[in-house]
Amino acid sequence: MRILAIESSCDETAAAVVADGRRALSSVVASQDAHHAATGGVVPEVAARQHLRALLPVVRRALSDAECGWDDLDAIAATAGPGLPGALVVGFNAARGLAYARGLPLIPVDHIEGHVCANWLGEAEPPLPALALVVSGGHTELLLMAEHGRFRRLGGTRDDAAGEAFDKVARLLGLGYPGGPPLSALARTAQRRTLRLPRAWLRGSDDFSFSGLKTAVLHATQAPNAPPAAEIAWAFEQAVADVLSLKAARAAEREGVSALLLAGGVAANGCLRALARERCALPVFIPPPALCTDNAAMIGAAAFRHLDAACDPAAPLEVYSTAARGGLRLGMR
Ligand code: KG4
Ligand code: ZN
């Protein structure tokens, strides 16, 4: 079963061919970072226009990298939500048109579920039930995954998403967009590692909060004897990774699941990866960094679990938003 998957929910135009929901035969990602660097964040209209430009070349490349022709495909999948509406529409309608032209079923996929399913693209298959920590630029969610398509949300951020906090703090420190990788690189150069920034534990709840930490960074940069940026970056990264890893590990043990799954762009963070593995007594699954940040292979992996939700590409739009019953918050929005 070969699925061509398309992802265009934010600022990455991506396509991939995935075999049996487990093997990425190709994964092509065209980043728009350069287009959003000047504004220090994604301008939705700019993102949508870039998707229009990049989409067909990226799809062609995904097919050729996988040495796959149109006749070798069994279905086409695309992210249906959540994400930037203008960006989603470009990828979804392209998938719809391609599926219609080729007479293939169309599988709408929830972006968050896609992130979680990136964990099925590795050698070992995660056991279920599992606890999933999805940490990206737009989301910070702690999800109890009973089986594919069956999720219960235990908690999430009350303010900024973890990746958003990385991006905003990076900006405060004069680093580029997206902020995670340069902030992490700067943190590695810190000479003194003693600065301690506050952690919002929100005890008794599975929620998170990063706005206080962000303010603490601002105050640290403005202090008369402000520490070097590298030391602030180090302390910030420690604080985020500390809270995320400990709360996820505790929740996993409390819920009696068989594994902890990390996913989303922030799961590419070395500090978080190491702390999660160190603190959780259960098997911990984390996709390789390239499958943590937005990509289409994860969408193909999730789509394989929702073959029963495949639609006729000529169906009216409403059909897609209700099709993947198991999805989390599926829908164009
Ligand atoms: O999953 P993703 O590619 O897109 C969304 O669905 O939002 O996540 C992007 C986010 C950005 O905020 C970026 O700064 C962050 O993930 N990120 C990182 C790292 N790589 C990407 N944050 C911390 N450390 C990293 N190495
Ligand atoms: Zn994402």
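Modeller: Gladly. Let us start with a definition: a residue is near a molecule if one of its heavy atoms lies within 4 Å of it. Please keep in mind that this is a predicted model. There are 20 residues around ligand 1, and those that come nearest are Gly137, Asp167, Gly180, Gly265 and Asp294.

Colleague: What makes the pairing of Asp167 with ligand 1 a polar contact?

Modeller: The cut-off for a pair of N or O atoms is 3.5 Å. A polar side-chain atom of Asp167 lies 2.7 Å from an oxygen atom of ligand 1, so the pair is within that limit.

Colleague: And how do you know that His111 and His115 belong with ligand 1 in that way?

Modeller: For His111, the distance from a polar side-chain atom to an oxygen atom of the ligand is 3.2 Å. For His115 the value is also 3.2 Å. Both are within 3.5 Å, so both count as polar contacts.

Colleague: Why is the pair Arg49 and Glu45 called a salt bridge?

Modeller: The rule asks for a side-chain nitrogen of Lys or Arg within 4 Å of a carboxyl oxygen of Asp or Glu. Here the closest N and O atoms of Arg49 and Glu45 are 2.7 Å apart, so the pair qualifies. Both residues lie in helix H2 (residues 44-65), 4 residues apart, which is about one turn of the helix. The whole structure holds 15 salt bridges.

Colleague: How many of them cross the interface of domain 1 and domain 2?

Modeller: The rule finds 0 there. Polar contacts do join the two domains, with 2 residue pairs counted.

Colleague: Which residues make up domain 1, and which make up domain 2?

Modeller: Domain 1 takes in 2-117 + 293-309, and domain 2 is 126-286. Their centres, taken over C-alpha atoms, are 26 Å apart.

Colleague: How do you know that the two domains touch?

Modeller: Contact means heavy atoms within 4.5 Å, and 16 residues of domain 1 meet that test with 16 residues of domain 2. Together the domains bury about 1300 Å², of which 73% is on carbon and sulfur atoms. Ile112, His115 and Val116 supply 39% of the area that domain 1 buries against domain 2, more than any other three residues.

Definitions and conventions
Residues are numbered from 1 along each chain as its sequence is written. Chains are lettered from A and ligands numbered from 1 in the order in which they are written. This is a predicted model: local features need pLDDT of at least 70, side-chain atom pairs count only at pLDDT 80 or more; totals for chains, interfaces and linings use all residues. Side-chain values use heavy atoms; hydrogens and water are left out. Domain bounds come from an automatic or database domain assignment. Buried area is the accessible area (1.4 Å probe) that two parts lose on being put together, summed over both. A polar contact is a pair of N or O atoms within 3.5 Å; within protein, one must be able to donate a hydrogen and the other to accept it, and residues adjacent in sequence count only if both atoms are side-chain atoms. Helices (H or I, at least four residues) and strands (E, at least two) are DSSP runs, numbered from the N terminus.
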